[in-house]
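Here is a friendly walk through a structure that may be new to you. Take a look at it first, and then we will go through some of its features together.

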Amino acid sequence: MGAYFSEIFRGLQSLAIGMGITFKEFFQPVVTVPYPYKTIKMSARYRGHIELIENEEGTPNCVACGMCQRACPSGCISLASKSVEYEVEVKGEMKTKKKKVLTKYNLNFTTCSLCGSCVESCNFGAIEFSKEYNLASSRKEDFHFDLLERLKERNS
Amino acid sequence: MSAPIHIRPDETFTLNVGPQHPATHGVLRVKMEMDGEYIVKAETVLGYIHRMHELMGENRTYPQVLPNLSRLDYLGALGYTHGHVLAVERAAGIEVPERAEYIRAITVELNRVASHLFWFGAFVMDLGGFTPLMYAIEDREYILDMLEAITGSRLTYCYYRFGGLYNDIDDDFIAAAKAFIPRLRKSLKKYDGLVTGNIIFRKRLEGIGPISAEMCRKYGATGPVARGSGIDFDVRKNEPYSVYPEFDFDIPVYHECDSLARYKVRMDEMEQSLRIIEQGLEKLPDGPIMPKKKPKLIKPPKGDYYQAVETARGSFGIRIVSDGTKNAYRFKLRSPTYSNMHMFDEACEGMMIMDALAMMGSLDLVIPEIDR
Amino acid sequence: MIKDTVKQALEELFPVPEPVAEEAPPVEAAEGEEADAKKKEKKEEPRVNGVLERDYDTVGYHLDVQLDPGELLAAVLVLYKAEFFIESITGVDWIKEDQLEVVYDFSRYDFDQCRVVIRTRTPRTEPSVPTISKIFSGANWHERETHDFFGIKFEGHPHLIPLLLPEDADFHPLLKDFKP
Amino acid sequence: MSLTLLNAVVAVVIAIGFAALNAAYLVWAERRGAGRIQRRPGPNVNGPFGLLQPPADGIKLMTKQLMIPGGADKALFMVAPVLAMAPAIMSFVTIPFSGSIVAHSMNIGVLMIFAFASMGGLAILFAGWGSRNKYGVMAAVRAVSQSISYEVPMLITVITIVMMTGTMDLKELALSQSGGFWNWNLFPSLSSPLMPVAFLIFFVCTLAETNRAPFDLGEAESELVAGFHTEYGSMGFGLFFMGEYANIVIGASLTTILFLGGWGCPFGLFPGVWWFLLKIYLLIATFIWIRWTFPRTTIYGLLNLSWKILIPISLFNLLLTAGLLKVF
């Protein structure tokens, strides 16, 4: 009989403790961020989709070596380049040299897993993570990014 | 509760719990043969989100598989990537600098706490209490913020590299982690009052879903599920890897074998993880985070390698059969929840559906990890 | 040490001293922890059935047993009695040798660690291995999964239907000649 | 005659209006309260403090298509939500908000409320059975067994009070406690020293009868998806929802009248409808507070609580009161 009542009593006590805790929490300040009205700053290492980095002349750093393409586990990067001849002065002589110029750098963001292998594999500092996270669309095509185009848009 | 006295096989009905059901936390389906509220027989149907990670592991080079592992378990991703890098390091014989190992241990433990916190919230929500979930998520958010600041992502991390880390931790992280530890200790006390001591909660779990130690052994259950059945088994202690031998921590073991024991194990484990983080931050050596010499292309010598780690859910094993090329010949993932979940079919027979689902919650299921 | 007792018990399964003589060189090779030696061994001729003691630090397990499917149940029973738990079951497709290998992992809930790997090989055409789900209930799903991925038939399995693959799947994705 | 009819129509319209308004804004209050307890703001976008959220929800529910699952018993399926809402509104007719504000005072008011309250279980049974859903049927069975077991201690407690006051008229029940909080039935008196316990029992029974957490086994969303209203959408669901909140208001009103002195002021000053409203909303706030604090009980835990704890204690209380009434 004693056990019966002590169990009821202890049960009620535990319920009261729980209610005390929620009562205290009721008067605590709100911790959530009302998202569309307020946003938080992304951390420095936040990994969004990749962007090309340009040099001082406004052209991309990329030399179209294709390392990122090979490192990518999901094959979402496709790039193309053409050879351009240009002249440089080497030891007082003008020489024509060939170099690759990036003509296309497409990122298929729908399959990207944001692992960062491409940025890590790039030896020329040509790609970086963007801080963009407000990406939403109902069409797949909106996530096939033409990064060269985006670079131009950023410059203009 | 005991089994029903009379089961009339002609009067049972089949209940499909899942693939879309609030208690299964994902796309798991349990086909239950029911006699009223009692379960006569249950059969788990898996594979709704099977993605064949093992085949991907064979088709991709070793570094390319890195992001896959964190997709196995979205709650405790770092533990799984840790297993992968350790397995490949063992196979290819790569030395890891001490600092990197310490940072790995700290981040894995933080992730374990985050995973347990989320489990705690979701488990209490399974039992019908919503508020603890919000408190747990708030605490977990601090961990995710910290991990995001160093790894760049919030859930599916791709932070470890063969031989070390993607990048080093900074002072902000250390300060945040140090501030987080007393914070969580305070929160754990709050959870004790709000949930653990609560009479309704205890009544729902005490003696529910008993899993004996013998059954654990037959099914190969590991992690908190085994420890709730009185089995003193933790890969971090029994088969030490990484820098875990350097830390002083205990393995919580409860002998009641019921859902409450499994709950208590996880709650105690959070405290132990905090201890590891504390010690790790204290002992954190200086130095590089990547080895000086590391093969450019990872080609482990021919052979068969196995590595087990303790993740938030139990012993996770990776078997790599290498044929000396840059792709694995066979890439086997042994996921802990797979074995833990397997016991459910046998354990829930004769239980009431409420209790069975409470027990399912106590197993801490993450479905992508079962289905792989 | 449990490792030694188990090793002894398992070795008793392999009869006659005759194969022991053959077995000796691979044991040394493995103990020399030379991965290259192992490579050679595998390339040159298929491994002889028997118990090998492996270096834990390099491969991650202690005992490596290879046996015929017929001896499997006896070996698993030895492990069951020695309080092992089942870790996983998987297959490996050795297409060049036209064989499928079934790999069983066992471990112990103990500080006296001993991981045992049991391998058994079966021909690629009509692969079949006896089930161990009568001894370790947990083998049930592992065997179903292996059946899904490799098409290995587990004789006596109570419920050998696809587990992870769709119910009507008639392909085995982890076979090396699988084309999606 | 015509005046009484007009009276009745006006009373019903007011009752429906009061019930609907209460239901709508209690949902808002519940969501805001839950938000604060969980340290988030709750609905705060539509209108000031999110006060326009309930109409927005209502419009959304009303404009949705009413789906009837194939194989469902159409008649039961359609009747059930109405049956959930109607008794709740009917019960308002007899509740005295103050000495003068009462639609129709009857000398068996308590009985009438309980008669209507037991129809709530019927509505749940209809809904669960009619929607031809296994979860629904299970929830219906649970809810019926729950409402049967909790009506017993609840009625026993009410009988105790009726014995003490000697009336079943709600108005007179309230009047008998006027004067100050020391006269309330909540506090022990010479003839019934266990009154606080009786209050607790009555409160728990109210929670169970109105299907509120931690006794919301009819819904039990983590195991029975949504219980008896799994298959309901649009206004069918809306009516269940409103019925639930209307029932809460009834339960709180009844508790106030039976135990907390109705519209009487705790200090005997200015009795009036405001005191009544203050008391019922405080009680409803407690309901909300309880819901967001505790996990759900099990069905057998719930029945055990009723048959092993509440009924014996309330019976004992009844006997004790009967005996002491004879003595004093």
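How many residues does the contact take from chain B and from chain C? The contact takes 48 residues from chain B and 54 residues from chain C, where contact means heavy atoms within 4.5 Å.

## Before we start

This is a predicted model, in which local features need pLDDT of at least 70 and side-chain atom pairs count only at pLDDT 80 or more, while totals for chains, interfaces and linings use all residues. Residues are numbered from 1 along each chain as its sequence is written, chains are lettered from A and ligands numbered from 1 in the order in which they are written, and side-chain values use heavy atoms, with hydrogens and water left out.

## How the chains meet

Four pairs of chains touch, and the pair with the most contacts is B and C. Between them, chain B and chain C bury about 4500 Å², with 54% of it on carbon and sulfur atoms. (Buried area is the accessible area, taken with a 1.4 Å probe, that two parts lose on being put together, summed over both.) On the chain B side, Arg217(B), Lys302(B) and Tyr329(B) lose the most area to chain C, together 17% of what that side buries.

Chain A meets chain D through 17 residues of chain A and 18 residues of chain D. These two chains bury about 1600 Å² between them, 70% of it on carbon and sulfur atoms. In chain A, the residues that lose the most area to chain D are Met19(A), Thr22(A) and Phe26(A), together 33% of what that side buries. Other pairs stay apart: no contact joins chain A and chain C, whose closest C-alpha atoms lie 17 Å apart, and chain C and chain D do not touch, with their nearest C-alpha atoms 24 Å apart.

## Two helices in chain B

Helices here are DSSP runs (H or I, at least four residues; strands are E, at least two), numbered from the N terminus. In chain B, helix H4 (residues 98-126) and helix H13 (residues 353-362) pack at an angle of about 180 degrees, with their axes 9 Å apart. (Axes are lines fitted to C-alpha atoms, for helices over the stretch in contact, and angles run from 0 to 180 degrees between N-to-C directions.) H4(B) is therefore roughly antiparallel to H13(B), a term for angles over 145 degrees. H4(B) makes the contact with Trp119(B), Phe123(B) and Asp126(B), while H13(B) brings Leu357(B), Ala358(B), Gly361(B) and Ser362(B).

## A loop residue in chain D

Where is Val102(D) found? Val102(D) is in the loop between helix H3 (74-92) and helix H4 (109-130) of chain D. Not counting residues up to four places away in sequence, Val102(D) touches Val93(D), Thr94(D), Ile95(D), Pro96(D) and Lys171(D). Lys171(D) is 69 residues apart from Val102(D) along the chain, yet their C-alpha atoms are separated by 8.7 Å.

Methods
Angles under 35 degrees count as roughly parallel, over 145 as roughly antiparallel, 65 to 115 as roughly perpendicular and the rest as oblique.
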